[in-house]
Amino acid sequence: STEEEREREVFINSLKFKTLSIENILGSSFADHFSDALLDNKFLQTVILDDNKIGDAIGKLGKGVKMNTTLHALHLAKNEVADLGLQDFAAGLEGNKGLSYLKLEANEISDIGALELGKSFERNKTISHLSLTGYNSLILQIE
């Protein structure tokens, strides 16, 4: 609708910060708007979206992350992220050329999701720090 398009445009144009921290107030529907914002944003360097119940909608963020070159750090801890949404997000990471720090602590990621992330790092050489500690159900030990 026209109202939704206007809200999206206002949101995207308002993101002219280097650091954005929004914790514990968003939900999965936010992922679409934020993904679109990342496509065009040339300002954000650090985004902290911890504890927002993004869940499988993290996959939608993959589209924005793929095309964004200014974002260096992305915090997505405590967001109920599981393997299903992580697959699309990991595909977006493959094409990203700027992200160096990714925090996915205390989610619901298993070995399957961790392997998907690992595949994306075969093409993405910019990520130097990945944090999966916390409540993720990982069994693998990566050396």
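A nonpolar core is a set of buried Ala, Val, Leu, Ile, Met, Phe, Trp, Tyr and Cys residues joined through side-chain atoms within 4.5 Å, where buried means under 20% relative accessible area, exposed means over 50% and partly exposed lies in between, with a 1.4 Å probe and protein chains only. The model described here is predicted, so that local features need pLDDT of at least 70 and side-chain atom pairs count only at pLDDT 80 or more, while totals for chains, interfaces and linings use all residues. Residues are numbered from 1 along each chain as its sequence is written, and side-chain values use heavy atoms, with hydrogens and water left out.

**The chain as a whole**

The chain contains 5 helices and 5 strands, which are DSSP runs numbered from the N terminus (helices are H or I with at least four residues, strands are E with at least two). Along the sequence these elements follow the pattern α-β-α-β-α-β-α-β-α-β. Of the 143 residues in the chain, 45% are buried.

**The core**

The largest nonpolar core has 30 residues, and those touching the most other members are Phe34, Ile58, Leu74, Leu76, Phe89 and Leu104. Helix 2, helix 3, helix 4 and helix 5 each supply at least two residues of this core. In general, nonpolar side chains in soluble globular proteins tend to be buried together. Leaving aside residues up to four places away in sequence, Leu74 touches several residues, among them Val47, Val65 and Phe89; contact here means heavy atoms within 4.5 Å.

Two packed helices are described by the angle between their axes and the distance between the axes. The axes are lines fitted to C-alpha atoms, for helices over the stretch in contact, and angles run from 0 to 180 degrees between N-to-C directions.

| Feature of helix 2 with helix 3 | Value |
|---|---|
| Angle | about 10° |
| Distance between axes | 7 Å |

Residues of helix 2 including Phe34, Leu38 and Leu39 meet residues of helix 3 including Leu61, Val65 and Met67.

Leu39 lies in helix 2, which spans residues 30–40, and is partly exposed, with a relative accessible area of 25%. Not counting residues up to four places away in sequence, Leu39 touches Lys63, Gly64 and Met67. Leu39 and Val65 are 26 residues apart in sequence, and 7.3 Å apart in space from C-alpha to C-alpha.
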